[in-house]
Amino acid sequence: ELEHIVEQRTAALERAVSERERHAIQLHALQRVREEMWKMQHTNEIASVLAAIREGLQDIDLTFDDCGINMVNATADPPIVRTFTIGSEQQLTEYQDSHHPVIGIWKNGRTVYRSNMHREDRLAEHQAIESNNDHPIYSMIDLPFSHGTLAINSTETEAFSPSDIAFLEEMAQILSEVFKRLDDMRLMEQHTLALESEVEERQRAEEELKRSLGDKEILLQEIHHRAKNNMQIGSSLMDLQSRQTTDEQTLELFRDSRDRIRSMALVHELLYQSNDLARIDLPKWGNILPHGG
């Protein structure tokens with residue numbers, strides 16, 4: 001009796017040690033897969049992700065025939081599934097299906113494990129699977145993640161244990177992290193491109209404004225010089241005209257008109273030189289204004 005108890009305890013300890021070792025291997029495999037996945041910069045690099053997943057499954061000695069990623073495009077009407085698989089030769093295979101049963105699995109968000117495809121095929125997929133494989137598939141599992149499902153199949157029935165499924169669900173969670181990160185990166189790129197486009201548009205508008213201001217400044221200079229010349233001509237004509245009379249009252253009228261023109265010319269000059277066209281500091285310039293201006 002004692003010997004039997006010792007044997008049971010020894011067996012239990014061996015199972016516990018074996019389970020711990022397997023768990024450690026699983027954690028190591030998950031870490032490797034996570035590191036490889038986080039190197040991914042674009043969804044086009046999905047082949048490297050599948051290769052990392054395949055290596056992770058091999059690390060834990062999981063009995064499987066093939067693995068794939070079903071990407072669900074929910075924005076399409078109807079939704080489209082793009083299935084990516086990679087064989088032992090690292091060849092990436094891709095096909096699309098708008099009636100794929102994985103759409104419902106992804107929407108439901110729960111793992112669906114078909115442990116015996118011949119005995120139970122509620123998703124009506126066994127025939128399609130066999131037509132795409134050289135050998136019969138007996139077990140299949142789909143693990144939903146943010147953008148689709150991770151699909152693993154096997155030629156054996158009851159191929160995946162609860163521990164295996166827990167491991168695969170953690171791997172699917174890593175996929176969610178990676179693809180959400182890619183979405184964030186894409187949004188950041190779009191935002192950066194939008195900002196760059198806005199900056200370029202503002203720079204173009206600023207250059208256009210500078211050109212427009214330059215044109216207006218040239219026009220303003222021309223107007224100023226023409227007005228200044230016209231008032232100078234008017235003042236000179238007053239001087240010439242005043243020399244043709246000796247009448248003091250008439251001379252006073254000419255001088256008054258000339259001084260007014262000179263005052264207008266000076267105000268025009270001050271406006272041209274001022275940063276504020278709405279006002280002039282007359283007290284500052286009053287001492288140089290002609291008398292009576």
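Predicted model: local features only at pLDDT ≥ 70, side-chain atom pairs only at ≥ 80, totals over all residues.
Colleague: How is a pair of aromatic rings described?

Modeller: A pair of aromatic rings is described by the distance of the centres and the angle of the planes.

Colleague: How many aromatic pairs does the count come to here?

Modeller: The count comes to two aromatic pairs. In one of them, the ring centres of Y113 and F160 are 5.7 Å apart; their planes stand at 50°, so this pair is tilted. Y113 belongs to strand β4 (residues 112-114), while F160 sits in the loop between β6 (148-154) and α5 (162-242). The pair thus links distant parts of the chain, 47 residues apart.

Colleague: Is F160 buried or exposed?

Modeller: F160 counts as buried because its relative accessibility is 5%, and the cut-off for buried is under 20%.

Colleague: Which parts does the pair of F145 and F179 tie together?

Modeller: F145 is in strand β5 (residues 139-145) and F179 in helix α5, so the pair ties together parts 34 residues apart in sequence. This pair is also tilted, with 5.5 Å centre to centre and 40° between the planes. F145 counts as buried at 5% relative accessibility, and F179 counts as buried at 1%.

Colleague: Which way do residues three or four places apart in an α-helix point?

Modeller: An α-helix has 3.6 residues a turn, so such residues point the same way. In α6, the buried residues include L251, F254, R258, I261 and L266.

Colleague: What distance does helix α6 reach from its first C-alpha to its last?

Modeller: Helix α6 (residues 248-273), with 26 residues, reaches 37 Å, close to the 38 Å expected at 1.5 Å a residue.

How values were computed
Residues numbered from 1 in each chain as written. Heavy atoms only, no water. Phe/Tyr/Trp six-rings, centres within 6.5 Å; stacked < 30°, edge-to-face > 60°. Helix = DSSP H or I, 4+ residues; strand = E, 2+ residues; numbered from the N terminus. Buried < 20%, exposed > 50% of the residue type's maximum accessible area, 1.4 Å probe, protein only. Expected span 1.5 Å × (residues − 1).
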